[in-house]
Amino acid sequence: MEEIDMKTQKEFAEDILNQITSNTEYTGEIVEKVLNNGEVIVGIAIRKPGSMMGPMIKLNDFYEEYRCTQNEQSTSMMIQNIKNMVCTAWEQETDVLKIGNEIKKGFQTIKDRITMRLVNAEKNQQRLKNIPWISFLDLAVTFFLEFTEEDGELRSIEVDHGLMEKWNVTAQDLYQAALGNMEKKDDGLFCSLPEYMENILGLSLAEENPEEKFHLYIMTNKKSAYGAVEILRPGELERKAQKIGRDLIVLPSSVHETLILPYTAGLDIEGLRMLVRRTNADIVIREEQLSDQIYLYRRDKGALMIA
């Protein structure tokens with residue numbers, strides 16, 4: 001088995017990009033994308049002439065495979081696989097091209113696609129320098145263009161300063177558009193945790209003792225994807241608090257959902273905070289962690305705050 005000289009990740013990406021675009025109509029660039037909480041992925045973005053957008057192929061896993069095999073045959077097969085991925089991606093990228101055209105036409109054309117997500121502000125300081133965002137408690141509201149491919153897969157493009165300047169809008173304009181879209185979409189989900197586990201996740205639970213009813217709820221969206229943002233849905237926490245008849249403790253389970261616990265006098269707030277921190281440290285993957293804090297919704301103030 002012939003060994004090859006080990007390339008750095010950047011050299012590997014440059015080599016892949018050259019082999020993908022050589023003698024083709026494609027152009028491309030190496031992209032380092034900072035994900036939630038500082039996670040970094042390296043990929044190649046491939047474009048056709050006249051297109052401002054195109055698919056991005058993530059190379060992290062391919063590079064790890066290359067490091068493990070270190071032989072010419074495996075590398076050649078890997079490059080062919082990536083070429084096939086690029087071709088397939090372009091065949092399926094009709095919606096991406098449509099989004100590119102909508103972006104060119106301006107904010108009024110694209111604003112119905114704007115969504116938002118919640119991330120931790122402190123853990124994303126570097127990333128937040130390059131994108132518009134709104135501060136919310138210890139969190140940051142970030143913005144995306146969302147669309148669904150023909151295969152039903154949900155895709156998104158993060159709104160950066162370049163797009164915001166192109167549209168001549170502010171972060172508040174993006175926020176108001178995202179709020180409006182959230183209300184129109186109306187895909188919020190709120191139910192008891194046992195009900196969610198049984199009906200949504202398909203996990204069979206033991207029959208509940210009525211005298212030991214488990215008062216823990218989940219707030220997310222119907223796709224259970226970046227659903228923690230549901231705490232921003234106008235009036236939603238107020239409606240749930242009034243229906244339950246209590247103030248609400250909000251536990252940031254992940255970027256995808258929050259857990260809601262009715263507040264009772266004597267509740268161990270610090271114990272809950274430690275539980276959230278241990279869960280983040282031991283269970284929730286870095287990219288999906290939201291916060292080590294817990295929050296309290298107070299009916300008398302009509303506001304959510306750090307507990």
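Mentor: Start with a term: two strands count as paired when DSSP finds at least two bridges between them. Keep in mind that this model is predicted.

Trainee: How many bridges join strand β9 and strand β11?
Mentor: β9 covers residues 217–221, and β11 covers residues 257–262. Two strands need at least two bridges to pair. These two pair in the antiparallel sense, and their bridges number three.

Trainee: Which residue in β11 stands opposite isoleucine 218?
Mentor: Look across from β9, residues 217–221, to its antiparallel partner β11. Opposite isoleucine 218 stands leucine 259.

Trainee: Which strands stand at the edges of the six-stranded sheet?
Mentor: The sheet is open, with antiparallel pairing and the order β8-β9-β11-β10-β12-β13. An edge strand has a single partner, so one of its sides is left without a neighbour in the sheet. That applies to β8 (188–192) and β13 (303–306).

Trainee: What volume does the largest cavity have?
Mentor: A probe the size of a water molecule, rolled over the atoms, shows where empty space is left. A search of the whole structure finds one cavity of 30 Å³ or more. Its volume is about 280 Å³.

Trainee: Which elements give two or more residues to the lining of that cavity?
Mentor: The lining has 18 residues, and the closest to the centre are Thr115, Met116, Glu146, Lys185 and Asn221. By class, eight lining residues are nonpolar, three polar and seven charged. The elements with two or more lining residues are β4 (114–120) and α8 (171–185).

Trainee: Is lysine 83 buried, partly exposed or exposed?
Mentor: Lysine 83 lies in helix α3 (residues 72–91). Buried needs under 20% relative accessible area, and exposed needs over 50%. Lysine 83 has 30%, so the class is partly exposed.

Trainee: What distance separates the C-alpha atoms of lysine 83 and threonine 21?
Mentor: Setting aside residues up to four places away in sequence, lysine 83 touches Gln19 and Ile20. Threonine 21 is 62 residues from lysine 83 along the chain. Their C-alpha atoms are separated by 9.3 Å.

Note on methods:
Residues numbered from 1 in each chain as written. Predicted model: local features only at pLDDT ≥ 70, side-chain atom pairs only at ≥ 80, totals over all residues. Heavy atoms only, no water. Helix = DSSP H or I, 4+ residues; strand = E, 2+ residues; numbered from the N terminus. 1 Å grid on protein atoms, 1.4 Å probe; cavity = no way out; pocket = protein on both sides within 12 Å on 5 of 7 lines; lining within 4 Å. Points joined across faces, edges and corners; volume = space filled by probe spheres on them. Nonpolar A, V, L, I, M, F, W, Y, C, P; charged D, E, K, R; others polar. Buried < 20%, exposed > 50% of the residue type's maximum accessible area, 1.4 Å probe, protein only. Contact = heavy atoms within 4.5 Å.
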